[in-house]
Structure formats: structure tokens, C-alpha cells
Amino acid sequence: MSRARGIAVMLAVLACGLVIAAMVLRPARAVPDLRSGPAADGQPGAGSQPGAGSTGAGRRSWQWRVGGPELASRGVVVQYPASGKRRLPRVRASAYVIADAGTGQVLAAKDPHCEFPPASTLKVLTAVTLIPLLKPAAMVVASRRATSVQPNVVGLKRGRSYQVSSLFKALLLISANDAAVALAEASGSFHRAIALMNAEAHWLQAYDVLAKDPNGLPAAHQHVSAYDEALIARQALAVPAFMKYDSTLAARFHLKRRKWVTLVNQNSLLMQYRGGIGGKIGWTDRARATYIGMARRQGVTLIVTILHARPLTEIISAERLLNWGFAMDHKVRPVGMLVPPLPGGPPAH
């Protein structure tokens, strides 16, 4: 081989080596996650990042716009009429939504897609998910997991049987954390119930929701938004059994042999607000006060959701927002819409 040919061969080998090295060392192309973000038909999918009071780091941009672009706004968003306006009341809460359940119009909101811990308002999602699955007269044996949750509230006894309908009353009237776990396990398993709850939220297009515990007690990365809780509340209105349980003012609960306890509904909206038909209160140190309220007057049904509020002000604030909503419904231009559930029916049915 001539010297010139030898050099040419060496250069060719070296060039091939450089090409191969470049291919090996080149960063891999990102593979899109088909489980999150807009689907092929333009419908958003699940996939928010966890966070309490999250400002949106790591979240998909479309999540902020579910329900309309104005709902991506931070702070208060409202569109007053040119005349005859009634100003929104000031409420001590980080986020809220006031919406017309019938038309789906969002009348006003504050940080509607910002994520916060739900506290016991998550029990509304628990109930609307599990009520269609569990027979009211069925009996559920309280497990160690159910009876060891703290605070257990109703005081279930391990190994004793409780009626499903009684557990739902305990869940919604007095926010019984132990009843939430017992009902979750009655679905087949605790983890199956959590999966069903998240699937229900996805079906409702409540993409800001990540459920980790059926009772809403503190759990890592568990969060909701005021907008998504309004979607869940609207679904609750469509479940007659939920509304029956939720609006019960008081009920007797058979705790054990010869021992009954009286459950008194904690939602004072039912007693003190004209037109109050349901709702759910919640509180933890991290979530602060949270609330879902529903009221109906003259054929108009309004939903109010409140997150991260000053404790003991949540129901008063809800009443003030509802008063404003009833006064200004059909007068203000809506700032967004409560989106409909996805086609195909709820996944738990």
C-alpha cells in the first residue's frame, strides 16, 4: 500500500469513528409523554405537577386555560357591566370561584387554577366517585387502617360492620376520616379507590386535582384548585344520593352494640343561608380553611369554592360571594365556563 493510500485509509477510519462517537454521545431526543398534555384531538390530558399554593412551575400551559383564557389570570378576575355593578366582596382567601351550575358560567374568580391542599373538601370527590359503586345497604367491616386514622372522628371499631349509607352520612355530615378510609377499602382496596378518584377527576377535566388520601388529610403532593372543585361540586349536584346525604341535618349512627351517636351536619350554610342546599367544609394547618358551598334561589343554582382561607371565615365568605352571585348572575359577563365531562361516561361506573 502506498503511503498516500495509507494516510487516506487512516483518515477515513478516523472520520467514521468521529461520526459513531457523535451518535453515541448526542443527547437522546425527548419522547413525548402521551399520558399528559393535549391529546391528538386537542383534549387536555392529566399531568399537573404537585404543589401547595403552586404558582405553576412545571405545569402545562394549557392547564391554566381550562375553562377559558381569562381563568389563567392571577388575582381577581371579573367583568362588571357598564352600569348597575355591585362590587365583589373582599374575602380572606387565596383562591375562590363563584359559578352558575346551570349555565356553567364562571361569574368571578380569584387564582382559579392555583393549586392548594384540599383538606376535607376532597371528600366530595370521594363521595361522587364511590356512591355509584357501593350499595347503600351493604355492610363494610372496619379495618385496622380505617380505625387507626387520626383524627378518626366517628370512632369506628376494628372488625365491626357498618352500613355503607351510614358511612356516607358520617363522611359528609361530620367529615369522618375513618369512614372515608372504610368506604375507600369497600371499593376493592384503598389504592383502587385513589385510582378511581383521580380517574373521576380526569373525566371531569379537573386536571389540577391529585388525590392521595380519600379523607383529604395532609399527603405529599395532594392538591386541588378552586376551579376544579367547582367542577366536582357540579358533578355532586347531579348525584341524587350525594345531595340526600349531604343535606341531611342530623342522623343516628350505630357505632357498636347498644351505642348510637348523633351526627350533626357541620355545614351551617344549610341552616343559616336562604337557599343553601349542600357543601363541605375542610381545615388542616397547611390547607387552612377550605370550603365548597351550593345554594339555589328561584331556579338558579350557584356553586362557590374557597381555598386557603382564614379559619372560621370560610362560610361567611361563601355567603357573601353567593349573595353577590345571585345579584349579578346574568348581569356580569362570564370570565369562563365550567367545562363538561369527557365523552364516554365516568370511569368508575
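Modeller: The crossing of α2 and α7 is left-handed. This is a predicted model, and every value below is computed from it. Two packed helices are described by the angle between their axes and by the distance between those axes. For helix α2 (residues 122–130) and helix α7 (residues 226–237), the angle is about 40 degrees and the axes lie 10 Å apart. That makes α2 oblique to α7, because an angle counts as roughly parallel when it is under 35 degrees and as roughly perpendicular from 65 to 115. On the α2 side, the contact is made by Leu122, Val124, Leu125 and Val128. On the α7 side, the residues are Glu229, Ile232, Gln235 and Ala236. Sorted by class, this contact of α2 with α7 has six nonpolar residues, one polar and one charged.

Helix α2 also packs against helix α6 (residues 190–203), with an angle of about 95 degrees and the axes 9 Å apart. The two helices α2 and α6 are therefore roughly perpendicular to each other. From α2, the contact takes in Leu122, Leu125, Thr126, Val128, Thr129 and Leu130. From α6 come Ala193, Leu196, Met197, Glu200 and Ala201. The classes here are eight nonpolar, two polar and one charged. Leu122, Leu125 and Val128 of α2 take part in the contact with α7, and Leu122, Leu125 and Val128 also belong to the contact with α6.

The loop between β3 (105–110) and α2 holds Ala119. Phi of Ala119 is near 50 degrees, a positive value in a residue other than glycine. Most residues other than glycine have a negative phi, and most peptide bonds are trans. A cis peptide bond runs from Gln150 to Pro151, with omega near -10 degrees. Pro151 is placed in the loop between α3 (144–148) and β5.

A further helix pair is α4 (residues 164–173) with α5 (residues 177–186), whose axes come within 8 Å and cross at roughly 140 degrees. That makes α4 oblique to α5, since only angles over 145 count as roughly antiparallel. The crossing of α4 and α5 is left-handed. In α4, the residues that meet the partner helix are Val164, Leu167, Phe168, Ala170 and Leu171. They meet Ala179, Ala180, Ala182 and Leu183 in α5. The contact of α4 with α5 has nine nonpolar residues, no polar ones and no charged ones.

Next come the pockets. The largest pocket has a volume of about 260 Å³. Its lining consists of 21 residues, and those nearest the centre are Ser120, Ser175, Ile281, Gly282 and Trp283. Strand β8 (residues 276–284) gives the most to this lining, with five residues. The lining of the largest pocket divides into ten nonpolar, eight polar and three charged residues.

The second largest pocket holds about 160 Å³ of space. It is lined by 13 residues, of which Met139, Ser161, Tyr162, Gln163 and His254 are the closest to its centre. Two elements give two or more residues to the lining of this second pocket, β5 (161–163) and β6 (250–256). The largest share, five residues, comes from β6. By class, the lining of the second largest pocket has five nonpolar, four polar and four charged residues.

To return to the helices, α2 is oblique to α7, while α2 and α6 are roughly perpendicular.

Terms used. Residues numbered from 1 in each chain as written. Predicted model: local features only at pLDDT ≥ 70, side-chain atom pairs only at ≥ 80, totals over all residues. Heavy atoms only, no water. 1 Å grid on protein atoms, 1.4 Å probe; cavity = no way out; pocket = protein on both sides within 12 Å on 5 of 7 lines; lining within 4 Å. Points joined across faces, edges and corners; volume = space filled by probe spheres on them. Helix = DSSP H or I, 4+ residues; strand = E, 2+ residues; numbered from the N terminus. Nonpolar A, V, L, I, M, F, W, Y, C, P; charged D, E, K, R; others polar. Axes fitted to C-alpha atoms, helices over the stretch in contact; angles between N-to-C directions. Left-handed = near helix turned anticlockwise from the far one by under 90°. Contact = heavy atoms within 4.5 Å.
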